[in-house]
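User: I am new to this structure. Please show me how to read its features, one at a time.

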Amino acid sequence: MPPSPPGAGAPSAMPLRVTNLCKRYGGVVAVDGVSFNVHAGEIVGLLGPNGAGKTTTINMILGVLEPSSGAVAIEGIDLARHRSQALAHTNFAAVYAPLPGNLTVFQNLRFFGLIYDVPRLSARIAALLAEYDLERLAGTRTGLLSSGEQTRLALAKAVLNQPHLLLLDEPTASLDPSAADLIRGRIRAMARERGCGILWTSHNMYEVEETCHRVLFVSHGRILLEGNPKSLPAEHGAATLEELFIRLAREPLAGSTTSDGPTSAPGTVHA
Amino acid sequence: MKLRPIAGIALRQLYLMRSSPTRILPMVAWVAIDIVVWGFMSRYLDSVSGGKVNFIGSLLGAVLFWDFFTRVMQGVSMAFLEDVWSRNFINIFATPLLISEYLMGLVSTGITTSLIGLIVMLVLATAVFGLHFLALGAMLVPCLLVLFLFGIALGVLAAAMVMRLGPASEWLAWPIPALLSPFVGVFYPLRTLPPWMRAIGHLLPPSYVFENMRSLVAGHGYSWSELFVSVALAMLDVALAAWAFRAVHRYAVRTGLLARYSAESAG
């Protein structure tokens, strides 16, 4: 499939398709046959306890970790075969990947803007500095920013190339409730107005319920459950999403089914 | 290959140099000290030898060439290490950036920083010690090209080594030029070396540069065919180093080393 330039046009109907993704380290299975899609304009929450395989999955989608088997397609472009073209349509923000602290806010945006080959970069940076309330910090070194300011910058960088697929790994982890609320609002607007597909990981179940259209529960490298975060708890006899999360983290569901996928392993439900 | 991502890598280094004198100082300070020390040493040797040997030309010229080579290598390595020090691997390698673009960005940085060092050395060596560098004539072009290419090759190889062995292996990269210097005959002819060292020296492109420079300064001319061989060897080394970096990157992506590199540092 001929790739389109980054940021060009509207996202396709399905910015992300993950098929039977596996990652093994010797005898340890980190991700075990994970399959799911993210549709345009959809915010999908990837939930699970620490070590469940969320970040491993995201790293494989970002091309910094090679799957043992399975496939990732971004905007229909096979990541393994056309890495550069596929990644031109995506971007990310993650707490474990801070932007270089020795560059200023402006320099970081310019640096990554050039790396992503963003057209009309100066205008794009000016717009993002204004949108993410970073104008007065443009000349400040990133390492000197507060957590909230760093998160805003990470998000500004994550949308620099107007990605069709955005990967956010605990983007609001270090934010106060007010700042987190503002960030969630911006991300929802991105999905709604630009049709960007978003894959989001978080341990904040309130946030997930408020933001995500769909959630995938991951444990031991498998997707156990999938559904609407608002209705899912009741469907599984839990009072809240948090209660369901705790139950799944401690004792994975047995024999459950999802809306659009067959069970392929005992106690496992695939999306 | 796109130009803007390459420019981005080089621009990042420019930003860092502009904001931090500690990055600029080593580029000029060490080469300046080398030229001053070896300049006086050459002047002294000139005086005691009664002008029989042109020490300014052979010794100081060799120091200048060798320092240029090490600056190229360090320029490339330093640009890579910026990503190690700032835990930037995931940010860099989760982008559409091609490995070839990344390496070209590192090389562009190496060109800039080494040229700064070369200019400082030339000005000092010419103005203070009367080194007639341009007297080397047309031979200068292949000599500088060889040192430049070999510096790039070793810089890229050092980057691959640090990526493969982890941030702590950085200290292994810095002594590489010192380890090679006995074999390339910076200050003495290769025939001085025992056969096994001479054999290694012949595989190292800079050895041809120093041999021919000494020959020219001594009035014996130089060999275009030898310089051609050294350029070809240096190009082969660049290709091998790029291949090694690519192979290490693939290994790092396959094994999770690249993803953990950042996570480990952050932890």
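Analyst: Start with naming. Helices (H or I, at least four residues) and strands (E, at least two) are DSSP runs, numbered from the N terminus. By that rule, B:R198 sits in helix 9 (residues 195–203) of chain B. The model is predicted: local features need pLDDT of at least 70, side-chain atom pairs count only at pLDDT 80 or more, and totals for chains, interfaces and linings use all residues. Residues are numbered from 1 along each chain as its sequence is written, while chains are lettered from A and ligands numbered from 1 in the order in which they are written.

User: Why does B:R198 count as partly exposed?

Analyst: Count neighbours. A residue is buried if 20 or more other C-beta atoms lie within 10 Å of its own, exposed if 12 or fewer, and partly exposed in between; C-beta atoms are placed from the backbone. B:R198 has 16 C-beta neighbours inside 10 Å, so B:R198 is partly exposed.

User: Which residues does B:R198 touch, leaving out those up to four places away in sequence?

Analyst: Contact means that two C-beta atoms, placed from the backbone, lie within 7 Å. B:R198 touches B:L190 and B:L193. Between the C-alpha atoms of B:R198 and B:P182 there are 9.8 Å, and the two are 16 residues apart along the chain.

User: How do I read a strand? Is strand 7 of chain A mostly covered or mostly open?

Analyst: In a regular strand the side chains alternate between the two faces of the sheet. Strand 7 (residues 165–169) of chain A is mostly covered, with five of its five residues buried. A:L165, A:L167 and A:D169 point one way, and A:L166 and A:L168 point the other way.

User: Which strands pair with strand 7 of chain A?

Analyst: Strands of a sheet pair through backbone hydrogen bonds, either parallel or antiparallel. Here, two strands pair if DSSP finds at least two bridges between them. Strand 6 (residues 90–94) of chain A pairs with strand 7 in the parallel sense, over five bridges. In that pairing A:A94 has A:D169 as its bridge partner in strand 7. Strand 8 (residues 197–201) of chain A also runs parallel to strand 7, joined by five bridges. There, A:L167 stands opposite A:L199. From strand 7 the chain passes through helix 6 (residues 177–194) of chain A to strand 8, in a right-handed β-α-β crossover. Right-handed means that, with the strands pointing away from the viewer, the path from the first strand over the helix to the second runs clockwise.

User: In what order do the strands of the open sheet of chain A lie?

Analyst: The order is 2-1-4-5, and the pairing is antiparallel. Strand 2 (28–38) and strand 5 (77–78) of chain A are the edges, each pairing on one side only. Strand 1 (residues 16–25) and strand 4 (residues 69–74) of chain A share five bridges. A:C22 stands opposite A:S69 in strand 4.

User: How many residues of chain A are in contact with chain B?

Analyst: 25 residues of chain A meet 28 residues of chain B. Helix 3 (105–115) of chain A is one of the elements that give two or more residues, along with helix 2 (83–87) of chain A. Helix 3 of chain A gives the most, with four residues. By class, the chain A side has 17 nonpolar, six polar and two charged residues. Ala, Val, Leu, Ile, Met, Phe, Trp, Tyr, Cys and Pro count as nonpolar, Asp, Glu, Lys and Arg as charged, and the others, Gly among them, as polar.
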